[in-house]
Amino acid sequence: MNIGRYSYEEYQRAVESFHGYAAPGLMLGGIMVDKALRAMPSGVLFDAISETRNCLPDAIQILTPCTIGNGWMRILNLGRYAVSLYDKYTGEGVRVFVDSKRVREWSAIETWLYKLKPKGEQDTDLLLEQIRKAGRDLCGMEKVRIRPPFLVKRHKGSIGSCSLCGEAFPVEDGAICRGCQGEAPYVSTAAEQMERIFEGPGLKPVAVEDVVGKTALHDMTMIIPGESKGAAFVRGQQFTAGDLCRLQTMGRQHIYVEEEGGAGSGWVHENEAALAFANAMAGDGVRFSEPPREGKINFIADRTGLLVVDEDGLEEFNMIPGVMCASRKSYTPVNGGRPFAGTRAIPLYLPKPAFLRAMTVLRYGPLFRVHPMRKARVGILVTGSEVFQGLVKDRFVPIISAKAEALNCRVVNSIIVPDDRKAISDGVKELLRSGTDLLVTTAGLSVDPDDVTRQGLADAGATDMLYGAPVLPGAMTLLARIGSVQVMGVPACALYFKTTSFDLLFPRLLAGLEVSRHDLAKLGHGSFCLECKACTFPKCPFGG
């Protein structure tokens, strides 16, 4: 059996030279790559994808021109032993994988692949022999088409010099190179400085009796228990003789004052750091308080709307020692002019590496946005034969109307229809003719055979339907769209519970945010209502 341009024995020697020994994964990998090569049209320029980082990438590099270095091979660690070769321009190609059904015919291969025995207890000679005998028959193959994003070649872009280590690096990585951001495996000067972050630049405290005529280096907080908390002295304020008594009553025996030359270029004052953070964090619909007070800056909603927080970015920022940012929960409605978040440096002076690392985290865009919520024209479709026939009084319309109007929406029409698929579809169409741009359906969403709201909506043209949400109460919630009209299905639990999934998702629709299955999945953490006798939502953890 030949493997690429090699005989089996020649390939084994090439593996030993390249890899160090004849690893079973690399011997099998060569067979897989060879099978893929045989299926590729002659003369095609191709790239490669390995779905594992173990052994298989070496086989690709031995048998093809595709390497990590030239960028023609990608390693997507999907945990599967599979290789794809594809036309680098069209994305058309083949994927070769280990066929688990065929593996069962070879005991040593099955034991190795599924790790049924520790490596030391496996028969390596038998394993290699079975790999040779099984050959290409051990592998399955399918035609594939690579998605366009994977056909785009990445380039380094502009190159700059890192302001910390001085080495060249791609400027798209941030203000400093990734090594100085903390990703390097080495104990470096920058890393040591991060560990000494709270030691400061060696400031010299001045005794209180000697501060007259000197300038405060930072805001100094005065707390009167149960009454007030605020800056009694601010940065840049010059101390007078009349201040001494006040300083002593504040318990201050020593003070940091402005010194000629400052702390040096390796440090960033808390106020300058906070301002830089705030400028990077504030997005559309957000402003912040200036100047910093007590080293802190608060973010303020510039309009009434829905707060959206880049939660991953916020977490990454807070992972950096010496900085912090705290906010209200994402997707919380906020009133214009009200604060919702704050940021600061923890020490008086932040080491420059920590500051630059924090700014690098913020380079991807703002952490906070306040999206305006539109004044929707709401149409309400109540489903239920018992309500339609007058056997039960409708309570859905007043409940939904009150919640919609509380968010400045207008109910343009409401219709009650029986549990009939055609009647539901016709009712939807009538509401759309009334000028509805946000349709709310109620009930008819459970597993009962008479509940056909979903089917009626589909008949009326509903698409992109998401049914079910990890929210209690509100598990049977439905989201969809009919053209440009947003659709929300509210389960019957909203008749009993004051707060449900409707209260969590309706503001998102008003803010024009797309709600995906992933968004719904994230609601599962925190969306179990405690059913308090006195509901205080949104001043409670529900939905958070």
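Q: What counts as a salt bridge in this predicted model, and how many does the structure hold?
A: A salt bridge is a side-chain nitrogen of Lys or Arg within 4 Å of a carboxyl oxygen of Asp or Glu. The model is predicted. By that cut-off, the salt bridges in the structure number 23.

Q: Which residue forms a salt bridge with Lys403?
A: The closest N and O atoms of the pair are 2.9 Å apart. Lys403 lies in helix 14 and its partner in helix 17, so the pair ties together parts that are 100 residues apart in sequence. The partner is Asp503.

Q: Is Lys403 buried or exposed?
A: Buried means under 20% relative accessible area. Lys403 has 19% relative accessibility. Lys403 therefore counts as buried.

Q: How many residues apart in sequence are the parts that Glu272 and Arg235 tie together?
A: The two side chains meet in a salt bridge at 3.0 Å, N to O. Glu272 lies in helix 10 (residues 270-281), and Arg235 lies in the loop between strand 12 (228-233) and helix 9 (244-249). Glu272 is partly exposed at 39%, and Arg235 is partly exposed at 28%. The parts they tie together are 37 residues apart in sequence.

Q: Where does Arg377, the salt-bridge partner of Asp437, lie?
A: The side chains of Asp437 and Arg377 meet at 3.6 Å, N to O. Asp437 sits in the loop between helix 15 (421-433) and strand 25, and the pair ties together parts that are 60 residues apart in sequence. Asp437 is buried at 15%, whereas Arg377 is partly exposed at 36%. Arg377 lies in strand 23.

Q: Why is strand 23 largely enclosed by the rest of the structure?
A: Strand 23 covers residues 377-383, seven in number. It is largely enclosed because the buried residues among those seven number six.

Q: Which residue of strand 25 stands opposite Ile380?
A: Strand 23 pairs with strand 25 (residues 438-442) in the parallel sense, over five bridges. Strand 23 also runs parallel to strand 24 (residues 410-417), joined by seven bridges. There, Gly379 has Asn413 as its bridge partner. In strand 25, the residue opposite Ile380 is Val440.

Q: What is the relative accessible area of Thr441?
A: Thr441 has its place in strand 25. Among the residues it touches are Leu381, Thr453, Leu457 and Met488. Thr441 is buried, and its relative accessible area is 0%.

Q: How many residues of helix 12 are buried?
A: Helix 12 spans residues 352-361, ten in number. Its buried residues include Pro353, Phe355, Leu356 and Val361.

Q: Is Leu530 buried or exposed?
A: Leu530 lies in the segment after helix 18 (517-522). With Leu472 and Phe528, Leu530 makes a nonpolar surface patch of about 360 Å². Exposed means over 50% relative accessible area. At 66% relative accessibility, Leu530 counts as exposed.

Technical notes. Residues numbered from 1 in each chain as written. Predicted model: local features only at pLDDT ≥ 70, side-chain atom pairs only at ≥ 80, totals over all residues. Heavy atoms only, no water. Patch = residues over 30% accessible without salt bridge, like charges linked within 9 Å, V, L, I, M, F, W, Y side chains within 5 Å. Areas by Shrake-Rupley, 256 points an atom, 1.4 Å probe, with all protein chains shown as cover. Helix = DSSP H or I, 4+ residues; strand = E, 2+ residues; numbered from the N terminus. Buried < 20%, exposed > 50% of the residue type's maximum accessible area, 1.4 Å probe, protein only. Pairing = 2+ DSSP bridges. Contact = heavy atoms within 4.5 Å. Lists of a residue's contacts leave out its neighbours within four places in sequence.
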